[in-house]
Amino acid sequence: MKVGMSLTAWVLRQQSQHPGARGELSTLLLHIALAARMVAQQVAEAPLRGLIGKFGKQNVQGEEQAKLDVVADEVFLEAMMASDVVSALVSEEREDPAYMPEDWGRAHYTVFYDPLDGSSNIDVNVTIGSIFGIYRHRPTDRGRLEDLLRPGRDQIAAGYVMYGSSTLLVLCTEDSGVQGFTLAPGTGEFFLTDADMTMPKMGTCYSVNGSRTPFWDDTTRRVVESFRDGQVQGPKRTERYIGSLIADFHRTLLKGGIFMYPGEVQKPEGKLRLLYEAAPLAMIAERAGGGAHDGKMRILDKVGEKLHERTPLFIGSRIDVEESQRVLAEG
Ligand code: AHG
Ligand code: MN
Ligand code: MN
């Protein structure tokens with residue numbers, strides 16, 4: 001087995017480039033990796049542990065929770081609290097911040113996370129994942145809602161975990177490129193397998209749930225049709241749609257292309273959530289040379305008005321994203 005740099009070694013090397021760093025971000029990233037390892041095991045053994053199927057409750061989004069949604073949420077919550085460096089945790093599965101200790105100022109990080117993304121694919125054994133975005137507190141922050149509602153460009157780290165044929169942790173920090181670490185199940189360590197990932201500037205496929213076509217406005221329909229009918233720069237695209245955002249995004253990161261979950265006439269805000277789906281992936285996309293917008297503005301400049309704010313999302317290769325903006329601007 002080719003042994004690349006371990007995640008632990010990479011994190012410590014990043015830290016060494018910040019003289020005076022106290023190792024808090026390192027600690028947090030390694031606790032997220034711990035959670036990823038634990039969730040990976042639950043996912044791999046779900047059928048054996050009776051963890052397939054519904055939990056029997058709805059979450060704050062009004063969505064039926066899968067058993068693994070609840071398990072993954074608990075694991076990430078416990079692991080990040082154990083890191084002792086976070087002062088707020090916001091989960092897709094919980095209406096209010098999952099964790100907000102009294103001694104707000106002592107710890108310095110806020111984490112938004114989607115503990116299990118792609119829940120509809122759990123029961124059919126298709127790749128699912130977890131998504132996280134990390135913010136460092138400003139001295140003025142006091143744990144108020146407005147302190148949590150920040151633009152994604154303020155993230156100091158972001159990433160996702162894919163529980164697929166292998167378990168892959170993809171992340172970037174404020175001063176690193178996009179790095180992919182693969183879990184070696186036997187040792188329980190993540191090893192660098194995809195260093196400094198960059199997104200092809202143009203793709204060969206577009207990714208959208210075509211069954212939503214009747215619900216889009218005419219301009220949105222024209223954007224999707226322009227990719228479908230070869231009316232954008234580059235080759236005739238093919239359509240790929242897995243239905244797990246992180247899997248559709250990861251293919252886009254590696255192969256290029258564009259993923260679209262547009263707003264609809266009745267639901268202009270779209271389906272995906274800004275703070276723990278769109279913003280973390282937008283940081284990864286831009287750091288890899290791609291882009292992300294909501295149909296009107298850059299995702300990383302968007303400030304939510306509530307923790308579970310939804311947003312339309314167009315994310316992918318630089319040229320594909322620019323082409324989507326061109327067609328949208330034509331109206
Ligand atoms: P989650 O499982 O965290 O609720 O996310 C599901 C999201 C995302 O993973 C995916 O892109 C999208 O839902 C698929 O939605 P449709 O089934 O409406 O296409
Ligand atoms: Mn999700
Ligand atoms: Mn989820």
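Leaving aside its neighbours within four places in sequence, which residues is Ser6 in contact with? Hi everyone, let's start there. Ser6 is in contact with Phe181, Glu189, Phe190 and Phe191, where contact means heavy atoms within 4.5 Å.

Before I go on, a word on what we are looking at. This is a predicted model, in which local features need pLDDT of at least 70 and side-chain atom pairs count only at pLDDT 80 or more, while totals for chains, interfaces and linings use all residues. Residues are numbered from 1 along each chain as its sequence is written, chains are lettered from A and ligands numbered from 1 in the order in which they are written, and side-chain values use heavy atoms, with hydrogens and water left out.

Back to Ser6. You will find Ser6 in the segment before H1. Helices here are DSSP runs of H or I with at least four residues, strands are runs of E with at least two, and both are numbered from the N terminus. Ser6 has a relative accessible area of 16%, so it is buried. For that word, buried means under 20% relative accessible area, exposed means over 50%, and partly exposed is in between, using a 1.4 Å probe and protein chains only. A polar atom of the Ser6 side chain also lies 3.0 Å from the backbone nitrogen of Ala9.

Next, the helix that follows. Two packed helices are described by the angle between their axes and the distance between the axes. Axes are lines fitted to C-alpha atoms, for helices over the stretch in contact, and angles run from 0 to 180 degrees between N-to-C directions. Helix H1 (residues 7–16) packs with helix H2 (residues 24–45) at an angle of about 160 degrees, and their axes are 10 Å apart. That makes H1 roughly antiparallel to H2. Angles over 145 degrees count as roughly antiparallel, under 35 as roughly parallel, 65 to 115 as roughly perpendicular, and the rest as oblique. On the H1 side, Leu7, Thr8, Val11 and Gln15 meet Ser26, Leu29, Leu30 and Ala33 in H2.

Now to the metals. Which residues coordinate the manganese ion (ligand 2)? The answer is Asp114 (OD), Asp117 (OD) and Glu277 (OE), at 1.9 to 2.1 Å. Donors are N, O and S atoms within 2.8 Å of the metal (3.2 Å for Na, K and Ca), and water is not among the atoms, so sites may look incomplete. Along the sequence, these donor residues follow the spacing D-x2-D-x159-E. Asp114 and Asp117 are both buried.

There is also the manganese ion (ligand 3), coordinated by Glu92 (OE), Asp114 (OD) and Leu116 (O) at 2.1 to 2.2 Å. Glu92 lies in the loop between strand E3 (86–91) and strand E4 (109–117), and Leu116 lies in strand E4, so the pair ties together parts that are 24 residues apart in sequence. Glu92 counts as buried at 4% relative accessibility, and Leu116 counts as buried at 1%. Asp114 bridges the manganese ion (ligand 2) and the manganese ion (ligand 3), which lie 3.7 Å apart.

Glu277 takes us to another helix pair. The axes of helix H6 (residues 245–255) and helix H7 (residues 274–287) come within 12 Å and cross at roughly 15 degrees. H6 and H7 are therefore roughly parallel to each other. Leu245, Phe249 and Leu253 in H6 meet Glu277, Leu281, Ile284 and Ala285 in H7. H6 is mostly covered, with 9 of its 11 residues buried, among them Asp248, His250 and Arg251. Just after H6, Gly256 takes a positive phi of about 85 degrees.

A stop at Glu174, in the loop between strand E7 (167–173) and strand E8 (178–184). Is Glu174 buried or partly exposed? With a relative accessible area of 36%, Glu174 is partly exposed. Leaving aside its neighbours within four places in sequence, Glu174 is in contact with Arg136, Ile156, Met283 and Arg287. The side chains of Glu174 and Arg136 are joined by a polar contact of 3.2 Å. A polar contact is a pair of N or O atoms within 3.5 Å; within protein, one must be able to donate a hydrogen and the other to accept it, and residues adjacent in sequence count only if both atoms are side-chain atoms.

Asp84 is not a glycine, but has a positive phi of about 65 degrees, and is partly exposed with a relative accessible area of 42%. Asn125 has a phi near 60 degrees and counts as exposed at 74% relative accessibility.
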